Amino acid sequence: MTKRDSIEGGIEPAGLTPEGPEAPLFVLMHTSHPGNVGAAARAIKTMGFAHLALVAPRHADVREQPDALAFASGAGDVLRAARQADTLAQAAGDCGMLVALSSRVRDFGPPLHGPDWLPELAQQAAEQGRRVGFVFGSERYGLDNDTVYRCNALLSLPAYSAYASLNLAQAVQIVAWEWRRALGAFRLPSGPPPEVAATQAELQGLLDHAEQALVALGYLDPEAPKKLMPRLSRLAARAALTRQEVHILRGICKMGLERLGDAHAASPSSGSPAPAKQSTGSARAPRKAV
């Protein structure tokens, strides 16, 4: 199995490469802004794809435009290798299936689908050996009817109805992500190793330690404990504490008990001089367990 790190550290699924028959072609029609072309190149590269086609862009040298290079941001190779042609037929002649991207529903034209259709399309394309091309319209006008009629299907990306206007590169990113999911998404990189869970004996040791500290603080009355300790036991069970977390909490209990012992040893009743205290006007007794 060949492995290759992606931009974000994922691992490419076996058998899928940017040069394979599964690799789609992303076609941008009549683009106006070079930055969108560069951003689209970056969007498809993050999903492991490499094939971009430009049909009659406003700037004939769009692949060398400063904004295009800046927005490509690491995907300059995809940008430089992009096909450039005057017509859709020239740019996507090797595609066996063209999917038009549009939010406008026509009275006449190819069948309309949503993103959930893409896994089915990926399977059909693989079985039939047909390459899929995704066709995106210009930033200002979208796709014209003639281009849509030349495509085999219409794909719509559902968005908020009051403002269903996706940036061109955003639309390319969504389609590239959905197509990658349809083919087999990248696995997440390995996370940190799981910590060792606390045992029941360790949890009980923590609860016993906590009970000692609460009694010493005057928060828990051992003659009338009510349901404090059962509630803390339930809390510990829900928290699914690790061994390290139990050690931390027991360390807090230990330190609290030591400080209380030091304070008791320094109190007047113990025979040692106690530090002078300033009156605050009132004294507040510790709250009792409920």
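How many contacts beyond four places in sequence does the model have for residues 11–17? The model has 22 of them, and pLDDT stays under 50 over these residues. A contact means heavy atoms within 4.5 Å. pLDDT is the predictor's confidence in each residue, from 0 to 100.

## Confidence

This is a predicted model: local features need pLDDT of at least 70, side-chain atom pairs count only at pLDDT 80 or more, and totals for chains, interfaces and linings use all residues. Residues are numbered from 1 along each chain as its sequence is written, and side-chain values use heavy atoms, with hydrogens and water left out.

Mean pLDDT for the protein chain is 85. A value of 70 or more is reached by 85% of its residues. Residues 1–9 stay under 50, with 16 contacts beyond four places in sequence. Where pLDDT is low, the predicted coordinates should not be read in detail.

## Overall build

The protein chain has 10 helices and 7 strands. These are DSSP runs, numbered from the N terminus: helices are H or I, at least four residues, and strands are E, at least two.

Take the contacts with a separation of 6 or more: 78% join residues 24 or more positions apart. Of the 290 residues, 38% are buried (under 20% relative accessible area; exposed is over 50%, partly exposed in between; 1.4 Å probe, protein chains only).

## Leu249

L249 lies in helix α10, residues 243–265. Its relative accessibility is 34%, so L249 counts as partly exposed.
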